[in-house]
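These are my notebook entries on one protein model. I set out the terms as they come up.

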Amino acid sequence: MGLFQSFNISASGMTAQQFRADIIAENIANLNTTRAEDGETYRRKIVQFEERGVSTFEKYLSESKRRGSHIGNGVKVTAVGEDTWNDFIMEYDPSHPDADENGYVSYPNVNIVTEMTDLIDASRAYEANITAFDASKAIAQAGLQIGK
């Protein structure tokens, strides 16, 4: 692995986790949104990651065996999906303008505890990438000092 490749891997991780934190913030901001731009109730969004440059795990294994070492290219965001397996939160409020014929309002399937847990996870992953970046930088600086 090259020196600059380690910087790129850490930087891609930081970028991906920052994007994930932005999506989590969007989910929290829409906690009480009963009607989105499309007229539907807001659905929780989830970020999906994939290793950059390797499309499948089998391809990764075959490339690792061919090279005789592990490869790493960083991470990329492949999609921002919607949480369709959790139902909307139904609350009885017949005076609400978005209430159905039975008086229930559909609120987003956003759970603040889940979002805050995911935000802490994204923050810790971001910090881990900063630590890896700093370690790579320290190694590069030590290598330059040896060459004096």
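**Entry 1. Terms and layout.** I took helices (H or I, at least four residues) and strands (E, at least two) as DSSP runs, numbered from the N terminus. I worked from a predicted model, in which local features need pLDDT of at least 70, side-chain atom pairs count only at pLDDT 80 or more, and totals for chains, interfaces and linings use all residues. Residues are numbered from 1 along each chain as its sequence is written, and side-chain values use heavy atoms, with hydrogens and water left out.

I looked up the fold elements and found three helices and four strands. Read from the N terminus, their order is α-β-α-β-β-β-α.

**Entry 2. Burial.** I called a residue buried under 20% relative accessible area, exposed over 50%, and partly exposed in between (1.4 Å probe, protein chains only). Of the 148 residues in the protein, 27% are buried.

Asn129 lies in helix H3 and is buried, with a relative accessible area of 18%. Its C-alpha atom is 9.5 Å from that of Phe7, although Asn129 and Phe7 are 122 residues apart along the chain. Between Ser6 and Asn73 I noted 8.4 Å, C-alpha to C-alpha, across 67 residues of sequence. Thr33 is in the loop between H1 and S1, and its relative accessible area of 19% places Thr33 among the buried residues. The C-alpha atoms of Thr33 and Ser106 are separated by 9.2 Å, with the two residues 73 apart along the chain.

**Entry 3. Salt bridges.** How many salt bridges does the count come to? I applied the rule that a side-chain nitrogen of Lys or Arg lies within 4 Å of a carboxyl oxygen of Asp or Glu. The count comes to eight salt bridges.

I looked up the bridge between Lys45 and Glu26, where the closest N and O atoms are 3.1 Å apart. This pair links distant parts of the chain, 19 residues apart, with Lys45 in strand S1 (residues 45-51) and Glu26 in helix H1 (residues 3-29). Lys45 is partly exposed at 22% relative accessibility, and Glu26 is partly exposed at 29%.

Next I turned to Asp83 and Arg44, whose side chains form a salt bridge at 3.5 Å, N to O. Asp83 sits in the loop between strand S2 (75-82) and strand S3 (89-92) and Arg44 in the loop between H1 and S1, so this bridge ties together parts that are 39 residues apart in sequence. Are Asp83 and Arg44 buried or exposed? Both Asp83 and Arg44 are buried.

The side chains of Glu127 and Arg124 also meet in a salt bridge, at 3.7 Å, N to O. Glu127 and Arg124 are three residues apart in helix H3 (residues 112-146), so about one helical turn separates them. Glu127 is partly exposed at 37% relative accessibility, whereas Arg124 is exposed, with a relative accessible area of 54%. I also recorded one network in which salt bridges with shared partners join Arg44, Asp83, Glu115 and Asp118.

**Entry 4. Largest pocket.** I searched a 1 Å grid over the protein atoms alone; a pocket is an open set of points where a 1.4 Å probe fits, with protein on both sides within 12 Å along at least five of seven lines, and lining residues have an atom within 4 Å of a point. Grid points are joined across faces, edges and corners, and a volume is the space filled by probe spheres set on the points. The largest pocket has a volume of about 170 Å³. Its lining consists of Ala36, Asp38, Glu40, Thr41, Tyr42, Arg43, Lys45, Glu82 and Phe88. I sorted this lining into three nonpolar, one polar and five charged residues, where Ala, Val, Leu, Ile, Met, Phe, Trp, Tyr, Cys and Pro count as nonpolar, Asp, Glu, Lys and Arg as charged, and the others, Gly among them, as polar.

**Entry 5. Surface patch.** For patches I took residues with over 30% relative accessible area and no salt bridge, joining like charges within 9 Å and nonpolar side chains (Val, Leu, Ile, Met, Phe, Trp, Tyr) within 5 Å. Accessible areas come from the Shrake-Rupley method with a 1.4 Å probe, and for residues only the protein chains shown count as cover. Phe19, Phe49, Val77 and Val80 form a nonpolar surface patch with about 270 Å² of accessible area together. Val80 lies in strand S2 and is partly exposed at 37% relative accessibility.
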